[in-house]
Amino acid sequence: MKPKIIVCGLGQTGYRIFSLLRQQGAEVIGISDRPIPGERSDRIIIGDPRLTATLIAAGIRDAHTLVLASSDDALNLESLTRARTINPKVRIINRIFNHTLGEHLDQTLTDHVSLSSAKLAAPIFAFAALGNKAIGQLKLFNQTWPIREEIIDSEHPWLGHKLSELWESRSRMLIYYLPAMGESNLIAAILEGQLLQVGDRIIVGTQPLVRSSQRSKLHSKARSLLKTFANLRKFKDYGRPVALVSLALLTTIFLATLTYISVNFNISIADAIYFSVGMITGAGGKEEVAETASDTIKIFTAIMMIVGAGVIGICYALINDFILGSRLRQFWAVTQVPSRNHYIICGLGGVGMRIAQQLISQGYDVVAIESDPNNRFLHSAKSLGIPVIMEEANLASTLKSANVEKAAALLTVTSNDMINVEIALCAKALQPKLSVVVRNHDPQFSYSVQQVFEFETVLCPIELATPSFAAAALGGRILGNGMTDDLLWIALATLITPSHPFYGKTVKEASQNADFVPLYVESQGRSIHGWLLLETSLKSNDVLYLTMPATELEQLWRVNSSKMASMGSETQTFYSKENNSQSLVNTQTN
């Protein structure tokens, strides 16, 4: 019996989830507010998901999972509450933009998984900027691992090597194996000593490297201060107008003082300076210097008053703008910009902020460019020590202030596709060899943009996030996923219980029978990996981490009708333990 899944909100994201689930053989029904051309009427319910009649027509009473895929958080929340009143046991996969609300819902409701497209897609953008062509991600050992596909060609370094040689490494996880000839289970191929041949494909997860160790706060502040002094040359770009007007003011005072001394040698230098400054600033003082002078000097004094008022007014305005306005903040941000090998993020939205956090966690320097002074992530970025340049990123001057010529890569991830392309083209004009990662909302247009403009990578967050929604809808505690051709494979953790189909079997035996790839086992507080993993016998309360095709997931929790109830309660216990414990690997559900 396959789990019945209902997808609410068949927009761009929802329809992709709906299609992918159906492609994997799931029994799925969609709820849409309008007819969808080409879709059969028995697969789509037209109506409002907030209405009881619509949900009942879609089969909510006996549904296993409800996917809320609308871009409206309020609509998803209202649909959730209505669905739970009809079927309190239905599992909820909730697409939500307010991640704080999502965390509260996960903690409050049982069987509720909130997913954010920004959080799911951001690591792939970060991996692309680092030069890793990732097709997915995997949450292991409190880190996000990039997953890539290795295609063995005539020049690949793994050609002719045994698969078993790649199995033991702790920094590499073999995810799936697709031989060029025939079909073979990865574990069986490893045990048989199979050699890698041209055309073989291996999906591999690689542990991310942290660039540097955690610095002390004192060292970090000292480094920031040194960087500020090293970049003081940038002051000229922001302080030049203030300096020029100040110089004009001093010149005016000097000329006035020199004039008064020249026509009356009885006036001391101090009195001449005092009168000149008071006259120009309007403060007054020592008026007798001009009152006892000739008419020519009086006319000169009047002209100096007018000129001085203009100069002093401009000087005050520039100083106020520099100190009280945005100039000083911009100057301070620019002085914090690294001189080289940093990553520039244009657009500090949900995706941009997540990318910044990912790169910072791996020890890389990040600079953000954001034009909106009311951006809600500004405080978070500054708390991480990220310099933020408040300018338009599509201007060459802004990119130069971010040291784009010496940057390692630029990621343009604003919410506007055309602006992203414009920024990328502007950056390429300044530095043709710069690696550029571009965000685009249309998957088909993304490919065209990448080909025509020769950008290194153009990614669509919706396309990257869709497999995670589909994987979560199919069930289990999802740790990661990826797509290879039409195959959706899923990484998950499963709790071994006496009623589990793998209970009492060795990992080697279970993996060959069920066609999954074991990653490691947590047993009695320790992790078992490598060759020892294959010989481990699975016992009660062990947690097995594995990857397998989405089409095979059903066998993990649908053994037979007599065991369904017990497995359901045991699975729920596992979720409860996982939610209250940090000892297990973090899930990809926020």
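Author: Two strands pair if DSSP finds at least two bridges between them. Strands (E, at least two residues) and helices (H or I, at least four) are DSSP runs, numbered from the N terminus. The model is predicted, so local features need pLDDT of at least 70, side-chain atom pairs count only at pLDDT 80 or more, and totals for chains, interfaces and linings use all residues. Residues are numbered from 1 along each chain as its sequence is written, and side-chain values use heavy atoms, with hydrogens and water left out.

Reader: Which residue of strand 16 does V438 stand opposite?

Author: V458. Strand 15 and strand 16 (residues 457-459) are parallel and share 3 bridges.

Reader: And how many bridges join strand 14 to strand 15?

Author: There are 4, again with the strands running parallel. L410 has V436 in strand 15 as its bridge partner. From strand 14 the chain passes through helix 16 (residues 417-430) to strand 15, a right-handed β-α-β crossover. Right-handed means that, with the strands pointing away from the viewer, the path from the first strand over the helix to the second runs clockwise.

Reader: What do strand 15, helix 17 and strand 16 make?

Author: A right-handed β-α-β unit, with helix 17 spanning residues 443-453.

Reader: How many residues of strand 15 are buried?

Author: In strand 15 (residues 435-439), 4 of the 5 are buried. Buried means under 20% relative accessible area, exposed over 50%, partly exposed in between (1.4 Å probe, protein chains only).

Reader: Different topic. Why does F254 count as exposed?

Author: Because its relative accessibility is 53%. F254 lies in helix 8 (residues 235-263).
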